[in-house]
Protein chains: 2
Amino acid sequence: MAFNNRVKIKSLLEQPLIGAEVTIMGWVRTKRSNKNVSFIALNDGSIITNYQVVADPNVISEEILKKCSTGACLKVNGTIVESQGAGQAAELHASSIEVLGEADPEKYPLQPKKHSLEFLREIAHLRIRTNTFSAVFRVRHALAYAVHKYFNDKGFFYIHTPIITASDAEGAGETFKVTTLEIGNPPRTEDGAVDFKQDFFEREANLTVSGQLEGELAALALSEIYTFGPTFRAENSNTTRHLAEFWMIEPEMAFYDAEDNADLAEDFLKYLIRYALENCEDDLKFLEARLLDEEKSKPADQRSEMGLIEKLKFVADNDFVRITYTEAIDILRNSKPNKKKKFQYLIESWGADLQSEHERYLVEKHFKKPVILTDYPKEIKAFYMRQNEDGKTVAAMDILFPGIGEIIGGSQREERMDKLVQRMEEMDIPTEEMWWFLDTRRFGSTPHAGFGLGFERMVQFVTGMGNIRDVIAFPRTPGNAEF
Amino acid sequence: MAFNNRVKIKSLLEQPLIGAEVTIMGWVRTKRSNKNVSFIALNDGSIITNYQVVADPNVISEEILKKCSTGACLKVNGTIVESQGAGQAAELHASSIEVLGEADPEKYPLQPKKHSLEFLREIAHLRIRTNTFSAVFRVRHALAYAVHKYFNDKGFFYIHTPIITASDAEGAGETFKVTTLEIGNPPRTEDGAVDFKQDFFEREANLTVSGQLEGELAALALSEIYTFGPTFRAENSNTTRHLAEFWMIEPEMAFYDAEDNADLAEDFLKYLIRYALENCEDDLKFLEARLLDEEKSKPADQRSEMGLIEKLKFVADNDFVRITYTEAIDILRNSKPNKKKKFQYLIESWGADLQSEHERYLVEKHFKKPVILTDYPKEIKAFYMRQNEDGKTVAAMDILFPGIGEIIGGSQREERMDKLVQRMEEMDIPTEEMWWFLDTRRFGSTPHAGFGLGFERMVQFVTGMGNIRDVIAFPRTPGNAEF
């Protein structure tokens with residue numbers, strides 16, 4: 001006696017099945033009633049569109065109809081009929097309604113009115129039931145699937161790199177410690193230090209900030225691999241762009257140089273956007289309207305110049321600008337905001353680290369396109385990036401997106417043992433601890449490259465959501481590990 | 001000047017391109033030389049098969065050829081020619097060879113001889129370059145992709161549930177603590193306790209043991225979801241079946257009862273196996289031969305009755321056995337090993353927890369098929385499982401596989417608020433902390449179900465690898481967080 005004999009609403013909207021007797025199940029979004037009839041808008045999460053259930057009070061009892069309030073879960077049997085009303089082609093004339101779960105209108109927080117995103121963040125366990133968040137999470141799913149499909153179709157292999165790691169060589173930021181010791185009362189060595197030999201891994205361990213180094217090990221065996229997993233930063237950043245726990249995609253490819261790397265990254269980003277345009281049309285239309293509505297309250301000059309879908313098409317259809325860091329510094333030094341001292345950090349000379357304001361200027365004002373910035377000064381980049389012939393720069397690449405800033409960071413990796421060791425020593429990276437990483441240069445080394453895409457930033461870009469906490473189901477930020 | 005102009009070996013084997021001039025890149029597996037010619041077997045990780053490079057000493061210098069030792073990375077230009085020798089249809093006659101990276105034969109650990117799996121575990125960063133491990137990780141990739149494809153095609157949405165969590169209500173085992181406090185010297189409250197208000201999340205936090213509870217929140221909005229992410233157990237288990245960090249797939253479905261749940265799980269497992277059979281034929285053939293070879297050293301009665309591929313086909317093509325716990329107890333009580341007291345834990349009465357030896361007896365001796373065991377005593381199962389009418393059992397389901405044991409655990413969930421709260425109170429689960437979980441029963445509750453598949457156990461089953469540490473790239477176990 002299986003229970004699940006329903007037809008999904010998505011499938012009913014694609015194949016109307018006029019005249020058929022079907023069962024649908026879902027949650028009530030709204031109910032409108034008059035003496036002769038009730039219209040119930042039912043949503044099952046499979047698609048943003050609600051399905052209209054028509055209930056005749058001569059068929060469905062008043063007691064049942066009363067319970068069909070917003071948020072209640074229903075099982076409805078009935079016949080599909082062509083709709084007389086506007087707004088839908090067909091509707092379900094109910095022969096029976098079973099209330100699977102009620103939702104007391106006095107207590108249910110999601111009433112059919114506009115709720116602020118801040119309020120919805122407090123009830124992240126329920127916000128998935130709203131139009132906005134169900135759309136965001138369907139798009140997020142589609143993008144995640146597109147990531148796997150893109151790489152699988154290209155012959156890349158998905159590698160699960162470790163989440164718990166004893167190496168923190170990348171120095172990408174503050175890490176979370178992982179332990180089974182009693183915090184505050186750990187075992188001690190004779191000299192009073194914490195005795196990590198008695199910890200689970202018999203040493204200090206933390207949560208990974210990147211799977212790149214392990215990804216390189218796999219790429220130097222399987223040629224082309226990618227990771228897609230959670231990464232962590234214990235930074236006290238309360239911004240709309242930072243999470244303590246976020247998902248990252250890190251392809252790593254043997255036999256790729258910096259140009260191959262940029263080509264792949266640009267192709268990949270465009271593929272993801274096109275996939276969403278093709279597979280999430282209805283959700284994107286809804287999100288575009290939402291964004292337009294949200295921006296109405298902003299001053300005209302802060303509103304987006306393009307609608308969401310137009311912007312996505314623009315990025316998918318146009319070449320990204322590719323310039324070097326050195327060229328970018330020239331542009332910025334001669335820019336209006338620099339000359340008029342409008343930048344918080346003025347660009348005075350080559351070597352300056354680029355801030356968010358500079359990246360946004362390049363992308364949003366100067367080029368009005370995504371920008372691939374390459375060949376940064378080695379001093380502001382990580383030890384593993386390949387040193388260029390000029391002795392000053394490395395084969396790094398950042399991809400900057402309008403409204404988002406850095407969405408991808410990558411580089412060709414230093415494959416030359418001597419150069420790599422020299423740079424590690426200059427930067428105080430312990431070469432002994434990293435014996436396994438150096439082994440890949442010691443044995444069968446080869447030019448290789450890779451990059452990291454912050455998945456949530458990509459979801460933000462595609463959905464138009466302004467706050468990164470609104471594109472992951474249960475965000476982790478300072479002071480926040482609820483649910 | 002992009003570097004990556006190679007043809008992948010996999011593609012060359014599918015489309016031989018006789019007469020074409022191509023570039024291939026990869027790592028030397030073996031080299032055989034005589035005065036007139038050298039044969040180099042090159043592997044690029046795209047496929048298990050090596051490609052034969054033929055080097056004429058009149059064309060390629062002795063100095064270069066000397067460097068083409070096992071493990072070295074080469075870029076070879078040449079012409080594809082039909083092969084005269086046995087073993088391959090075509091081969092590459094080299095016009096030039098560039099040694100991208102040498103591998104000193106005196107130091108490179110992976111020489112062309114048989115290495116033990118134990119030894120290779122010590123050099124996990126290099127073992128991916130062996131036939132066995134490259135095959136395992138290609139199959140692992142294929143299975144991961146199949147997971148996403150299966151659910152995407154069915155309209156399920158992929159949800160990333162949190163890795164760091166403050167809730168430990170599932171009680172699925174020991175957890176790892178996550179903190180930014182100084183472990184030996186944390187801030188204290190006035191009464192001397194550790195002041196977790198000053199920790200990153202302002203409370204105690206740990207690594208997730210399961211995404212199920214959060215998955216339920218999403219299923220009760222989007223109908224059908226799945227997770228696929230890392231989960232953690234801080235158990236001091238040094239076995240061939242346990243990891244401290246492993247990946248789990250957890251689908252969760254609104255409108256499914258226990259039978260729908262079992263139907264989905266069986267269909268899903270068979271899909272994964274069929275996908276591997278269709279997409280990994282050459283790797284599976286290699287792994288089958290490897291297993292056969294490994295089992296030669298075992299006594300005849302401990303060898304597998306079927307070859308690897310035959311076993312996979314058998315599981316994919318036959319119905320799983322479905323029996324209740326109560327029926328299983330009857331079978332076990334009357335079994336030979338129970339009567340002859342061969343079981344370590346004798347089955348005496350209803351209510352006993354099943355041990356690995358009992359599961360293996362049912363699957364491997366009695367039924368010789370995968371078994372779906374249902375309706376366990378509520379005392380030995382988790383609080384969230386749906387209580388059956390008998391008042392004694394819950395709608396739990398475990399799926400047992402030959403050689404693996406439990407590969408899936410799942411249940412219909414208790415959707416009735418009163419029954420759920422009552423069970424939580426009986427089991428001392430804090431209902432106040434779990435307000436968000438209970439909200440799903442308070443508002444728009446519905447029958448729903450789900451299960452968890454341990455991904456590494458599935459990879460073990462499909463690849464025939466005996467030790468779970470050999471199916472994940474960088475295993476985390478007690479005392480081991482290397483790489």
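Which side chain of chain A does the side chain of Asn152(B) join in a polar contact of 2.7 Å? The side chain is that of His141(A). The model discussed here is predicted.

Asn152(B) sits in helix H5 of chain B, which covers residues 131-153. Apart from neighbours within four places in sequence, Asn152(B) is in contact with Tyr145(A) and Tyr275(A) as well as His141(A).

These contacts link one chain to the other, and the relation between the two chains can be described as a whole.

The next part concerns two helices of chain B. Two packed helices are described by the angle between their axes and the distance between the axes. The axes of H7(B) and H15(B) come within 11 Å and cross at roughly 45°. That angle makes H7(B) oblique to H15(B). The crossing in which H7(B) passes H15(B) is right-handed. The residues that make the contact are set out below.

| Helix | Residues of the contact |
|---|---|
| H7(B) | Leu269(B), Leu272(B), Ile273(B), Ala276(B) |
| H15(B) | Met458(B), Phe461(B), Val462(B) |

H7(B) spans residues 258-279, and H15(B) spans residues 455-463. The residues of the contact between H7(B) and H15(B) comprise 7 nonpolar, no polar and no charged.

Note on methods. Residues numbered from 1 in each chain as written. Chains lettered and ligands numbered in written order. Predicted model: local features only at pLDDT ≥ 70, side-chain atom pairs only at ≥ 80, totals over all residues. Heavy atoms only, no water. Axes fitted to C-alpha atoms, helices over the stretch in contact; angles between N-to-C directions. Helix = DSSP H or I, 4+ residues; strand = E, 2+ residues; numbered from the N terminus. Parallel < 35°, antiparallel > 145°, perpendicular 65-115°, else oblique. Left-handed = near helix turned anticlockwise from the far one by under 90°. Contact = heavy atoms within 4.5 Å. Nonpolar A, V, L, I, M, F, W, Y, C, P; charged D, E, K, R; others polar. Polar contact = N/O pair within 3.5 Å; in protein donor to acceptor, adjacent residues only side chain to side chain.
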